[in-house]
Amino acid sequence: MTLKFVEGIKADVTADIVYMMCPMHLLKLDELIRELDKGQVLEIMTDYDGAMEDIPAWCSRTGNEFIGIEETEEYYKFYIRKLTD
Amino acid sequence: MKMCYFDHAATNPLHPEVLESMMPFFKEEFGNALSVYDLGMHAREAVEHARAEVAALINAKPGTIVFTSSGVEANNFALRGAAIARKQQGNHVIVSKAEHHSVLNSARFLEKQGFVVTYLPVDNHGLVAPDLLKKSIINETVLISITHASREIGTVEPIKELSAVAKERGVAFHTDAIASTGNIPVDVQDLGVDMLSMTGHQMYGPKGIGALYIREGTRIAPLIYGGIQEGGRRAGTENVAYVVGMGRAAQLAREEMNDRMEHVRKLRDRLVQGIAGIPNVYLTGHPENRLPNHASFVVEFIEGEAMLLMLAMKGIYTASGSACSSKALKSSPVLLSLGVPTALAQGSIVFTLGRGNTEEEVDFALAEFPQIVSKLRAMSPFANKGWDYGTKNDTCYVGG
């Protein structure tokens, strides 16, 4: 999967899990996506490089949209739109 | 021989109800708290119940509590983890000179990693001045760590004022509350701290378990890498029995706090009053703003170790400086930071009282201690001619 880099995406919910260990990015994603309404956007902030593979793969497996990634000096911001009920 | 244990700053005896709460988790409830079947679920429920109890003790949300192997680990985690997580923002850290070794040595480690550390002086009672802290903050300051209460001199710092200074400048603030949590009211909302360290065995829980409070939104790099235990912040299979013990200890401390404080304060005041009658003995630390169970002194012309051992021969257990300094026969850095001359700092003796102590035990100590001081002074070559302290001044170290 090709990673799509984005800028200025507005999120409905943000999870700052910078410095939290793998696989917290997947556990948080799974937990928070349940709290969103269909069409809403989740932002995950993490410094874990492996998330670049895991989060798009999770989206494709669960039928949610991986909007893209924004890179900062210290961490990544991942944007996911909830498409499932 | 009856034992009079007056070294509660070193450790507390385990509360019988704490031990009882732990026992099932050494035996039939041995599950891993991450296992998804019922045995693991029981362990998980017990860990989360304990987390809620520890959180309630300091008025925090359960999710902000990370269990560690000790208070010292919590201090290391806070200092190293918070500094490393902020290294892009700046490389300056502030601690006081009167911190425990676990804070001072973590700060020294950070210096080797390229951080610059300011070691703030304290006044003759061990207090950090908020004004001085304010002046010490620079644009590169990313972390401040000041102890809540000193194990060695009992002084309780004005953490609320100090953390407000940090907040004004957007600097993360940690406090080592190992000696205070469970012994006096500790409220993280009121104190305004971002991180707070505590330990089980200072609240009649087991040794080998501690916790770090981390305010929501506070970034901290892990000290121990591995899996997702403790919310992905501290790896390692949870020590369920000890976590449960700390939780029960926290619950009992919250319920019995006022009674315990009242009990030890009365005994402490009786002890201080009695010892004040011995010539050339000085209270160290703040005379009022101090832990209610804490009575610390420096005794002229004799060594703390000698007093401690002679008291121990009578069944009276005390400390001389911190447990670590005492073992190394080293002058306490905390006492030196108050301006206590090196020679006098060697005469440190610390009594810390607990829920099990009685008035009779205090009276026994008050009967024995002056005799021990007299006996040792009779052997001291300095007792008759006195000491030339060189830099001693009238305002240093003396509490009252």
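**Figure 1. A salt bridge within chain A.** Asp85(A) and Lys38(A) form a salt bridge, with their closest N and O atoms 3.7 Å apart. The term salt bridge stands for a side-chain nitrogen of Lys or Arg within 4 Å of a carboxyl oxygen of Asp or Glu. This pair ties together distant parts of the chain, 47 residues apart: Asp85(A) sits in the segment after strand S4 (76-81) of chain A, and Lys38(A) in the loop between helix H1 (24-33) and strand S2 (41-46) of chain A. Helices (H or I, at least four residues) and strands (E, at least two) are DSSP runs, numbered from the N terminus. Over all chains, the structure holds 23 salt bridges.

As you look through these views, remember that this is a predicted model, in which local features need pLDDT of at least 70 and side-chain atom pairs count only at pLDDT 80 or more, while totals for chains, interfaces and linings use all residues. Residues are numbered from 1 along each chain as its sequence is written, chains are lettered from A and ligands numbered from 1 in the order in which they are written, and side-chain values use heavy atoms, leaving out hydrogens and water.

**Figure 2. Where chain B meets chain A.** Here 18 residues from chain B and 13 residues from chain A take part in the contact, which means heavy atoms within 4.5 Å. The two chains bury about 1200 Å² between them, with 58% of it on carbon and sulfur atoms. Buried area is the accessible area (1.4 Å probe) that two parts lose on being put together, summed over both. Gln88(B), Arg219(B) and Ile228(B) supply 47% of the area that chain B buries against chain A, more than any other three residues. One salt bridge is counted between the chains: the side chains of Asp16(A) and Arg219(B) meet at 3.0 Å, N to O.

**Figure 3. The two domains of chain B.** Domain 1 (4-9 + 258-379) and domain 2 (16-253) divide chain B, with bounds from an automatic or database domain assignment. Their C-alpha centres lie 27 Å apart. Domain 1 of chain B brings 27 residues to the contact and domain 2 of chain B brings 30 residues. About 2300 Å² is buried between these domains, and carbon and sulfur atoms give 60% of that area. How many salt bridges does the rule find across this interface? The count is zero.

**Figure 4. Helices H2 and H9 of chain B cross.** The axes of H2(B) (residues 38-57) and H9(B) (residues 240-275) come within 8 Å and cross at roughly 35 degrees. Axes are lines fitted to C-alpha atoms, for helices over the stretch in contact, and angles run from 0 to 180 degrees between N-to-C directions. Among the residues making the contact are Ala43(B) and Val47(B) of H2(B), and Gly247(B) and Met257(B) of H9(B).

**Figure 5. Two backbone details.** The peptide bond from Cys22(A) to Pro23(A) is cis, with omega near 5 degrees. Pro23(A) lies in the loop between strand S1 (13-16) and H1 of chain A. In chain B, Asn280(B) has a positive phi of about 60 degrees although it is not a glycine. You can find Asn280(B) in the loop between H9 and strand S9 (281-283) of chain B.
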